[in-house]
Amino acid sequence: MSVNLICVGKIKEKYIKNGIDEFLKRMSLYAKVKIIELKEDGNDSNRKQSLEKESMEIIKTAEKNKGYNVLLDIGGKNLSSEEMSKEIERLTVTGTSTINFIIGGSYGVSEEVRKISQMRLSFSKMTFPHQLMRLILMEQIYRWFSIFNNSKYHK
């Protein structure tokens, strides 16, 4: 199984980088994980243009990395760690070899990104900084694979 994190922006904080690196190392037991960082447009004077530009890059990257697309979206499904682990198991059994987790930019994503996503997943109704969300996502991916592989980590 391959897992891609398609993310807008770069990680700037060292403590977040260190946490992500730790979970990348742990995930090597279960799957190949690649983080794909896309350039953040960040044009505050024209947010709609920035959102569209970033969204087009997300779509191109997702199409290039053919897989099951999971968009992190505040309006998405709320699943427990066990439920998401079962979803990963279902995908594996049905022959899915790549999962793309998509974290949009600070202005969100376009409707086109939502349309190419087979799942919209919400971690909370709260808003998290994108850098921190990437660390939280990495921890959860590790947790989901640990549950799926019957490891002690999730207990």
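The largest share of the lining of the largest pocket comes from strand β3 (residues 68-78), which contributes 4 residues; strands here are DSSP runs of E with at least two residues, helices are runs of H or I with at least four, and both are numbered from the N terminus. Besides β3, the elements that give two or more residues to this lining are β5 (119-122) and α5. The pocket has a volume of about 460 Å³, a volume being the space filled by probe spheres set on grid points that are joined across faces, edges and corners. A pocket is defined on a 1 Å grid over the protein atoms alone as an open set of points where a 1.4 Å probe fits, with protein on both sides within 12 Å along at least five of seven lines, and lining residues are those with an atom within 4 Å of a point. In total 21 residues line the largest pocket, and Leu72, Asp73, Ile74, Thr127 and His130 lie nearest its centre. By residue class, the lining divides into 11 nonpolar, 8 polar and 2 charged residues, where Ala, Val, Leu, Ile, Met, Phe, Trp, Tyr, Cys and Pro count as nonpolar, Asp, Glu, Lys and Arg as charged, and the others, Gly among them, as polar.

The model is a predicted one, in which local features need pLDDT of at least 70 and side-chain atom pairs count only at pLDDT 80 or more, whereas totals for chains, interfaces and linings use all residues. Residues are numbered from 1 along each chain as its sequence is written, and side-chain values use heavy atoms, with hydrogens and water left out.

A search of the whole structure finds 10 salt bridges, each defined as a side-chain nitrogen of Lys or Arg within 4 Å of a carboxyl oxygen of Asp or Glu. Asp73, one of the residues nearest the centre of the largest pocket, meets Arg120 in such a bridge, at 2.8 Å from N to O. This pair links distant parts of the chain, with Arg120 in strand β5 and Asp73 in strand β3, 47 residues apart. Asp73 counts as buried because its relative accessibility is 9%, whereas Arg120, at 32%, is partly exposed; buried means under 20% relative accessible area, exposed over 50%, and partly exposed in between, with a 1.4 Å probe and protein chains only.

A second bridge joins Arg134 to Glu37, the closest N and O atoms being 2.7 Å apart. Here too distant parts of the chain are linked, since Arg134 lies in helix α5 and Glu37 in strand β2 (residues 32-38), 97 residues apart. Arg134 is buried, with a relative accessible area of 3%, while Glu37 is partly exposed at 34%. The side chains of Lys53 and Asp41 also meet in a salt bridge, at 3.4 Å from N to O. Lys53 lies in helix α2 (residues 47-64) and Asp41 in the loop between β2 and α2, so this pair ties together parts that are 12 residues apart in sequence. Lys53 is exposed, with a relative accessible area of 51%, and Asp41 counts as partly exposed at 25%.

The search for aromatic pairs finds 6 in the whole structure; rings of Phe, Tyr and Trp (its six-membered ring) pair if their centres lie within 6.5 Å, and planes under 30 degrees apart count as stacked, over 60 as edge-to-face and the rest as tilted. Tyr30 and Tyr142 form a tilted pair, 6.0 Å centre to centre with 40° between the planes. Tyr30 is in the loop between α1 (14-27) and β2, and Tyr142 is in helix α5, 112 residues apart. Tyr30 counts as partly exposed at 22% relative accessibility, whereas Tyr142 is buried at 8%. The rings of Phe101 and Trp144 have their centres 5.7 Å apart and their planes at 35°, so this pair is likewise tilted. Phe101 belongs to strand β4 (residues 98-103) and Trp144 to helix α5, 43 residues apart, and both residues are buried. Ring pairs also link Phe23, Tyr30, Tyr142, Phe145 and Tyr153 into a cluster.

In the segment after α5 (130-148) lies Asn150, which has a positive phi of about 60° although it is not a glycine. Most residues other than glycine have a negative phi. Asn150 counts as exposed because its relative accessibility is 62%.
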